[in-house]
Amino acid sequence: MADGLSRSPMIAITVLRVVIGWHFLYEGIAKLASPTWSAAGYMKVSRGPFADFFRWVASQPHLLDNANLITMYGLTIVGVLLMLGLLTRLAAIGGIALILLFYLCNPPFVGYFYTIPTEGTYLIVNKNLVELCALAVILLTRSGLVAGLDRIVHGLLAGRTRLAPLRV
């Protein structure tokens, strides 16, 4: 098994990878299917140390268009790759980057930016941070090599990189 983990933990991590992939894919497709969706609303209510930056991006039409495209297609692509177990490490890094941006846009610092916690937001930890940590586990355990297309790709690349014996 990848990284020395036994079968049961790798099955659990693979299920985790597929479930997170489904969440990303669903969020991406839902945004792509909605002609009126925009990240502007989320960015305009930004709080936290980077609030001015996110509000500025939301106020610049060309930057907002890019943020919308990156969000919609980024979520969709990361979701597909995670579900297939293809380029799993790259997908996990992409997912971590997206979620980190969501987290930094509206960090759950109750008492500092918010007076009462909302559902799924408990002091510093919210659902985004939990999913980010789960993606870190996926990144480090290489579950795509156990149950995913990474196993096939890795096998093909390993076969190509080996040099044939030199015949004289």
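**Close-up 1. Glu 27 and Lys 31 share helix α1 (residues 7-33) in this predicted model.** The two residues are 4 apart, about one turn of the helix. Glu 27 forms a salt bridge with Lys 31. Their closest N and O atoms are 2.8 Å apart. A search of the whole structure finds 1 salt bridge.

**Close-up 2. Helix α4 (residues 61-84) crosses α5 at roughly 145°.** The two axes come within 9 Å. The crossing is left-handed. On the α4 side, the contact is made by Ile 70, Thr 71, Gly 74, Leu 75, Val 78, Leu 81 and Leu 82. Helix α5 contributes Thr 88, Ala 91, Ala 92, Gly 94, Gly 95, Leu 98 and Phe 102. By class, the contact residues are 9 nonpolar and 5 polar. None is charged.

**Close-up 3. The second largest pocket has a volume of about 180 Å³.** Its lining includes Leu 87, Thr 88, Arg 89 and Leu 90. Arg 142 and Leu 145 also line the pocket. Asp 150, Val 153, His 154 and Leu 157 complete the lining. Thr 88 also belongs to the α4 contact of α5.

**Close-up 4. Helices α5 (88-105) and α7 (149-161) each supply at least two residues of the lining of the second largest pocket.** The largest share, 4 residues, comes from α7. The lining divides into 5 nonpolar, 2 polar and 3 charged residues.

Key
Residues are numbered from 1 along each chain as its sequence is written. This is a predicted model: local features need pLDDT of at least 70, side-chain atom pairs count only at pLDDT 80 or more; totals for chains, interfaces and linings use all residues. Side-chain values use heavy atoms; hydrogens and water are left out. On a 1 Å grid over the protein atoms alone, a cavity is a set of points where a 1.4 Å probe fits but cannot get out, and a pocket is an open set with protein on both sides within 12 Å along at least five of seven lines; lining residues have an atom within 4 Å of a point. Grid points are joined across faces, edges and corners, and a volume is the space filled by probe spheres set on the points. Ala, Val, Leu, Ile, Met, Phe, Trp, Tyr, Cys and Pro count as nonpolar, Asp, Glu, Lys and Arg as charged, and the others, Gly among them, as polar. Axes are lines fitted to C-alpha atoms, for helices over the stretch in contact, and angles run from 0 to 180 degrees between N-to-C directions. A crossing is left-handed if the near helix is turned anticlockwise from the far one by less than a right angle, and right-handed if clockwise. Contact means heavy atoms within 4.5 Å. A salt bridge is a side-chain nitrogen of Lys or Arg within 4 Å of a carboxyl oxygen of Asp or Glu.
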